[in-house]
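Reader: Hi! I'm new to this one, could you walk me through it?
Author: Happy to, here it is.

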Amino acid sequence: MRERRLERDSELRKVLEDVFDYRTVMAVYRLMNRGILAKLYGTVSTGKEARVYWGKTPKGEDVAVKIYLVWTSEFRKSRLKYILGDPRFENAPRDPIGFVNTWCRKEFRNLKRAYSVGLPVPRPIAFEENILVMEFVGGNGSPYPLLKDSPPSNPEKVLDVLRSFIRRLYQEAGLVHADLSEYNVMIKEGDEVIVIDFGSAVLKSHPNALEFLRNDIRNVYRYFREIGLDPGDPEEFFEEVTGSSA
């Protein structure tokens, strides 16, 4: 069945094999055989650690397909602090491929947790090894812009939304994003926001959770100061979220 599928989708196969290793190509086809993915189009985002593609389900629904690059040698070293101390991933593999696959699973589980309490995040759909499939945030293959590229028309509203997001993520979902900034907040018309990139997110019981939370708040407050809005004291908001001055 797999070989017949490869022959039918020879153009897609060529695109994938020009960029990814055999293991990743086979993971894409397993997603197709599972009925989760039908088509892959061009990249909508490219980074050092992952590429995001626009895809379609068999029902024609748009999806984002995030493929982690398994050959990045520094990936494990730079991400280990977000894994160590998380009881969900105590036995994360040490080899690069196994670690990246664990990271992908971690992002899926974090998204699922945030989505389950109604937070504005992409709906997680499935994962397969180093590939995460989720709701496509945009239209016709074009993602909504990032906050860094599209300042809000109503900064006060967006600041309030992000404060609520941080608070509810911590208090209701039991998570800290741990990488929150204008680089991973997407903004729609009407200043609606969607927060992305949940691979770094940790449980609030993580030994570094409060440090990560402080950094998230400082990053958000810094951004709004830079665009001319005084958000107040980040430490006061930290205490409001956590209920302490720890």
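Author: Let's begin with contacts, meaning heavy atoms within 4.5 Å. Among contacts in the protein with a separation of 6 or more, 59% are between residues 24 or more positions apart.

Reader: Okay! Where does this model come from?
Author: This is a predicted model, so local features need pLDDT of at least 70 and side-chain atom pairs count only at pLDDT 80 or more, while totals for chains, interfaces and linings use all residues. Residues are numbered from 1 along each chain as its sequence is written, and side-chain values use heavy atoms, with hydrogens and water left out.

Reader: How many helices and strands are there?
Author: The protein has 8 helices and 11 strands. Both are DSSP runs numbered from the N terminus: helices are H or I with at least four residues, strands are E with at least two.

Reader: And how much of the protein is buried?
Author: Of its 246 residues, 49% count as buried. Buried means under 20% relative accessible area, exposed over 50%, and partly exposed in between, with a 1.4 Å probe and protein chains only.

Reader: Switching topic: how many aromatic pairs turn up?
Author: The search of the whole structure gives 7. Rings of Phe, Tyr and Trp (its six-membered ring) pair if their centres lie within 6.5 Å; planes under 30 degrees apart count as stacked, over 60 as edge-to-face and the rest as tilted. One of the pairs is Y221 with F237, which is stacked, at 6.2 Å centre to centre and 25 degrees between the planes.

Reader: What does that pair tie together?
Author: Y221 belongs to helix α7 (residues 209–226) and F237 to helix α8 (residues 234–242), so the pair links parts that are 16 residues apart in sequence. Both Y221 and F237 are buried.

Reader: Which residues of α8 are buried?
Author: They are P234, F237, F238, V241 and T242. Seen down the axis of α8, these fall within an arc of 125 degrees, so they line one face of the helix. The arc is that of the directions from the helix axis to the C-beta atoms.

Reader: What covers them?
Author: The cover for the buried residues of α8 includes α6 (155–171) and α7.

Reader: Nice. What happens just after α8?
Author: There, G243 takes a positive phi of about 75 degrees.

Reader: Last one: which ring does the charged end of R214 sit over?
Author: The ring of F238, 4.0 Å from its centre. A charge sits over a ring if NZ of Lys or CZ of Arg is within 6 Å of the ring centre and within 35 degrees of the ring normal.
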